[in-house]
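The structure is shown below.

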Amino acid sequence: MALADFIPTEGQRRIADAITAAERHTTGEICVHVTPRCRGNVMKRATRTFNRLHLYTTKRRNAVLIFIAYEDRKLAILGDTGINEVIHEGFWDDEVNELTRYLKAGRPVDGLCEVIAHMGESLSHFFPGERDDENELSNEVTFDNGDDDDEHDDDDHHDDYGNME
């Protein structure tokens with residue numbers, strides 16, 4: 001399946017708009033990255049992507065990455081150190097579970113927009129918006145072709161969206 005089939009151009013615009021709206025109320029930065037494949041551990045791959053995209057460079061260390069490998073049905077959400085120091089244990093798992101529900105229903109754009117809105121609301125409590133806050137990271141969906149997948153350790157609990165069939 002091509003990226004355009006998983007998230008069409010209009011869906012990518014909706015996601016970018018959802019990120020823009022969510023970030024109006026928080027200094028947190030939300031990013032979405034999509035790839036077709038992740039044969040290895042999804043958290044390790046998401047961490048590599050987080051670093052490759054330089055999401056750790058935000059002033060408050062408050063970036064979030066939503067990472068989806070749509071053909072391999074894997075998902076990870078991770079935050080930078082500033083966020084992980086203040087959110088409750090299980091926060092990311094709750095967001096993964098909510099997004100998984102939408103992915104299983106074949107509604108990735110709706111799910112991403114919903115989770116992004118919820119994240120923005122939650123982050124606003126810890127990182128409220130500021131008048132002079134600058135958008136430090138792009139709100140556009142990023143993607144790759146999955147070719148940098150060199151790890152084959154399948155021990156992560158966010159694999160297979162919980163058997164979507």
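## Terms and basis

A residue is called buried under 20% relative accessible area, exposed over 50%, and partly exposed in between, using a 1.4 Å probe and protein chains only. By that scale arginine 107 is partly exposed, with a relative accessible area of 40%.

The model is predicted: local features need pLDDT of at least 70, side-chain atom pairs count only at pLDDT 80 or more, and totals for chains, interfaces and linings use all residues. Residues are numbered from 1 along each chain as its sequence is written, and side-chain values use heavy atoms, with hydrogens and water left out.

## Network around aspartate 110

The structure holds 9 salt bridges, each a side-chain nitrogen of Lys or Arg within 4 Å of a carboxyl oxygen of Asp or Glu. Arg14, Arg107 and Asp110 are linked in a network of such bridges.

In the pair of arginine 14 and aspartate 110, the closest N and O atoms are 2.8 Å apart. This pair links distant parts of the chain, 96 residues apart: arginine 14 is in helix H2 (residues 9-23) and aspartate 110 in helix H6 (residues 108-126). Helices are DSSP runs of H or I with at least four residues, strands are runs of E with at least two, and both are numbered from the N terminus. For the salt bridge between aspartate 110 and arginine 107, the closest N and O atoms are 3.0 Å apart. Arginine 14 is partly exposed at 36% relative accessibility, and aspartate 110 is partly exposed at 25%.

## Aspartate 144 and arginine 52

Aspartate 144 forms a salt bridge with arginine 52, with 3.2 Å between the closest N and O atoms. Aspartate 144 lies in the segment after strand S4 (142-143) and arginine 52 in helix H3 (residues 42-52), so the bridge ties together parts 92 residues apart in sequence. Aspartate 144 is buried, at 16% relative accessible area, whereas arginine 52 is partly exposed at 40%.
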